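This report covers the pockets of a protein model and the surroundings of its ligand. The sequence and structure come first.

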Amino acid sequence: MTLNITIKCIDCGHEAKFDINETACPNCGSQWREALYDYPKIGNTLLNDLDNRTDSLWRYHELLPVENPIPDVSLGEGATPLYRAASLGMMLGCPNIYIKDERQSPTSSFKDRQAAVTVAALKEGGIKELVLASTGNVAIAYSAYAARAGIKLWAFLTSRVPSEKMREVALYGTQVIKVTGSYDQTKKVAADFASQRNIFHDLGAKNIPCIESMKTIAFEISEQLTNRLGASGETPWRSPDWYFQSVSGGMGPLGVIKGFRELAQMGLAPAKLPKLGIIQAAGCAPMVHAWKQNAETAEPVTNPRTMIETLATGTPGRTYTRLRQEMLESSGGIFESVTDEETFRTMHLLAKMEGISVEPAAAVAVAGLIKLVRNGIVKPEETVVINCTGHTMPIEPVVLGDSWGRSVDLSVEEERPEEGLLAALNHISCDRYPRVAIVDDNADARRLIRRILQSQGEYTIFEAQDGKEAIKLISTEMPDLVLLDLMMPEMDGFAVMDALHNDKQTADIPIVVVTAKELTAAEKKRLNGHIQLLLQKGNFLSDDLENEVRSLLK
Ligand SMILES: *Cc1c(COP(=O)(O)O)cnc(C)c1O
Ligand SMILES: [Zn+2]
């Protein structure tokens, strides 16, 4: 079988057959080329064939530049789960936020897609040795697949890559070369080394299999969203309104948007492509600067100032220009940046509220979404898929601060050690903690508030699901604070508030109203003087709520 793929030069339009050993256009020498397939033909058969396919990115093998439908090097990459981020959605007032969990890849980042497809193509092309530069995850992923393929790998890493990641690269038998300098300088050293020794050099976005591998994220998102929400109406599959990703060089979104376009060309997903939410770390955000100045090319950032080494590409080159063109001419979207501090806060929030621990580079995308929801760019009803690109490794100490655990010391000799343990654990018992009553008819809202309080402080929590139950609960338990919803059937929050005030025993208990309701002037007046604070649902993050509660309890 030979591959029926046309490689078209983006600069001169010259067309050639796919050959992994040909790294530039034979006509004009440009390295920017694109793979094209027989879309109508593949579109006719793909849907019917899918039922019998494996759960890995090879499910879509006819849209990849590899002959073997499931190459030997495969570790089951791709087919990562898609979850609804219910707590995050509730905090932001956007119920349709989904997380594409790329942490669950063989080496814990979405670079496995790129490594698997590229290494499989290199192996089929008879290539035995490979050079690449990396900020960490590319080197880890390629190391695993190169080991399986019997390809010798030279990985050039900046000395700023965390040592845990470097050791992992070395563990796979890769030749690690540490370069003291920026990532862009490291890339230059790797390129010189490769050309001197005439070794294949993986150029990321300019290497056909790399971009092609990223398309599979789009294919999976469409298929998974359709399984959850049903077809779009016009086509068998649907697309989200937004695709969010943190970006360093920008290969991910370039490949993903090509994937959505191919789905449209095959008639599987709507012609309207998702908008791209491309988020960079503020200390290294050349694309964002250029976008805000409406510039076609990005000025390099020569001295990145971010702790998030994974995203420290200072020279995005033509990838930025292509992404910008993509947004302006078809998909739409925005480039935005977030600070390291916002990122670490978000990383903590995602772990506490969704049970998902991601590496800072992945949290950048979520922090960007929070920012863009708050400034109105992302609308409440829109469907958003965030790529959670990689797993926590290592956990930055700054995320947690110092007081993240308790110690129980059992080394001290005691007659009855279990008594020592119980005594120590008694300090952790809950009767001394502030008592908070949550009154809300919506179980998800109660769960969210309970989770916010319990993950950040020590509280004894009571819950009531309607007004009558609330009055009874509050007068028996006498909490230190009431968190009150307004819209409840039968006895609403206003009535609960009045009843508590009219009873001498409960009249002084502070009340915080947490509501989704847009209040009228008359309603605001009614609350005035009777409550301590009004929080709008969908417009506060976990830290905001807990900070307010904490200060009211002082
Ligand atoms: C590589 C990487 C990114 C950035 O991806 P690009 O699309 O190549 O810019 C984001 N997050 C993680 C975890 C990564 O490894
Ligand atoms: Zn050309």
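Helix 11 (340-354), helix 13 (397-400), helix 15 (443-456) and helix 19 (542-553) each contribute at least two residues to the lining of the second largest pocket in this predicted model. Helix 11 gives the most, with eight residues. The second largest pocket holds about 700 Å³ of space. It is lined by 27 residues, of which His348, Lys352, Val399, Leu400 and Ser455 are the closest to its centre. By class, this lining has nine nonpolar, 10 polar and eight charged residues.

The volume of the largest pocket is about 860 Å³. Of its 43 lining residues, Tyr183, Lys187, Gly204, Gly249 and Thr313 are the closest to the centre. Elements that give two or more residues to this lining include helix 3 (111-124), helix 6 (183-197) and helix 10 (318-331). Helix 6 provides the largest share, four residues. The lining divides into 16 nonpolar, 20 polar and seven charged residues.

Ligand 1 sits in the largest pocket. Strand 10 (242-246) and helix 8 (251-265) are the elements that give two or more residues to the shell around ligand 1. Helix 8 gives the most, with three residues. The shell has six nonpolar, 10 polar and two charged residues. Of the 18 residues around the ligand, Lys111, Ser248, Gly250, Gly252 and Thr389 come nearest.

| Residue atom | Ligand 1 atom | Distance |
|---|---|---|
| Lys111, side-chain N or O | oxygen | 2.7 Å |
| Thr389, polar side-chain atom | nitrogen | 2.7 Å |
| Met251, backbone N or O | oxygen | 3.4 Å |

Taken alone, ligand 1 exposes 390 Å², and the protein buries 95% of that.

Terms used: Residues numbered from 1 in each chain as written. Chains lettered and ligands numbered in written order. Predicted model: local features only at pLDDT ≥ 70, side-chain atom pairs only at ≥ 80, totals over all residues. Heavy atoms only, no water. Near = heavy atom within 4 Å. Polar contact = N/O pair within 3.5 Å; in protein donor to acceptor, adjacent residues only side chain to side chain. Areas by Shrake-Rupley, 256 points an atom, 1.4 Å probe, with all protein chains shown as cover. 1 Å grid on protein atoms, 1.4 Å probe; cavity = no way out; pocket = protein on both sides within 12 Å on 5 of 7 lines; lining within 4 Å. Sits in = over half its atoms within 2 Å of the grid points. Nonpolar A, V, L, I, M, F, W, Y, C, P; charged D, E, K, R; others polar. Points joined across faces, edges and corners; volume = space filled by probe spheres on them.
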